[in-house]
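Here is a brief report on strand pairing and helix packing. Start with the structure below.

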Amino acid sequence: MAGFLFGLLMFVFRLHFFRARPAGSQDAEALTPTSDWSPRASPYPVEIQPTLHPNGTKQCFPQTIIIGVRKGGTRALIEMLSLHPDIVAAESEVHFFDWESNFEKGLYWYISQMPFSYPHQITVEKTPAYFTSSKVPERIYQINSDTKLLLILRDPTERVLSDYTQVFYNRLQKHKHSQPIETVLIKNGEINVDYKAINRSLYYIHMQKWLKYFPLTHIHLVDGDQLIRDPLPEMKKVEKFLSLSPQINASNFYFNKTKGFFCLRDNGRERCLHESKGRAHPQVAPTVLAKLYQFFHQPNKRLFELVGRTFDWH
């Protein structure tokens, strides 16, 4: 049965591939599967074998995916991880597994979005929306059950405020009106559970779905709050999880007093995250904050039990 399902999956991806390729492609005939092709012979169908570059690099399915969480520090994580010479990262969020319009383009398209890498390097992709999408865990598992997953979490209340702040500034740039934060957080005197930012911070609900397919040994939880305060210890844990040689060190980080957070130093070149990162959160009434802390107390406890560790959250 498992072999049949795998073969069926590969067949579907072949259909996606031929839809995605431009008509009249010069190498389309050369990539047509032969009658003796078997999905067991390779992790990829014939027509989506990684493209080899003359210098020995190739595009491949990412061995590591940063699955979330939105406004948890995923950009900081992938920028810091890219300090390691054995890491190559996709330039943008691909949204392959959560956007149907992209998923229908097929695996060939997804791999074509990846950077070229040498055989000893690890390809990393980051799409924070994966964590809260119910379809994504199974889709990744069906293609490569050995994928290593990175999940960066922060205090759920802080994450909600950061989520609101990003939407607020996005709407401001588009000259659109935004509701006051208390209006979206509170409904009929209680926490508004219909507010998407609240749902995204109910980590245990989403984590349960991932654990149906991946064991905890394949999922590393990064402490997003600690990464902001002191990035090196968290990055050393990530190096160990990915079986990377210890390359990232204290000289790669320096604290920018103007911005109020750590910036990066790589081969003498200094850079900070985009100015949109680290924005001040809106002022929230103490009574509303208290409601948020109370609301998340039990969900946080359930997460801690689920993953076998705790975080220093309110």
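## Pairing of S1 and S3

Strand S1 covers residues 64-68, and strand S3 covers residues 122-126. The two pair in the parallel sense, over three bridges. Ile-66 stands opposite Lys-126 in S3. The model behind these assignments is predicted.

## The five-strand sheet

S1 and S3 belong to an open sheet of five strands. The order is S2-S3-S1-S4-S7, and the pairing is parallel. Strand S2 (87-89) and strand S7 (219-223) stand at the edges. Each has a single partner strand, so one side of each is left without a neighbour in the sheet. From one strand to the next, the twist averages 25°.

## Helices on the sheet

Helix H2, residues 74-81, packs on this sheet. H2 touches S1, S2, S3, strand S4 (148-153) and S7. The direction of H2 makes about 165° with that of S3.

Helix H9 spans residues 203-211. H9 lies across S1, S4 and S7. Relative to S7, H9 runs at about 155°.

## The three-strand sheet

Another open sheet is formed by three strands in the order S8-S9-S10. Here the pairing is antiparallel. Which strands stand at the edges? They are strand S8 (253-256) and strand S10 (269-271). Each has a single partner strand, so one side of each lacks a neighbour in the sheet. Neighbouring strands are turned by 35° against each other on average, direction ignored.

S8 pairs with strand S9 (residues 261-266) in the antiparallel sense, over four bridges. Within S9, Cys-263 is the bridge partner of Tyr-254.

Key
Residues numbered from 1 in each chain as written. Predicted model: local features only at pLDDT ≥ 70, side-chain atom pairs only at ≥ 80, totals over all residues. Heavy atoms only, no water. Pairing = 2+ DSSP bridges. Axes fitted to C-alpha atoms, helices over the stretch in contact; angles between N-to-C directions. Contact = heavy atoms within 4.5 Å.
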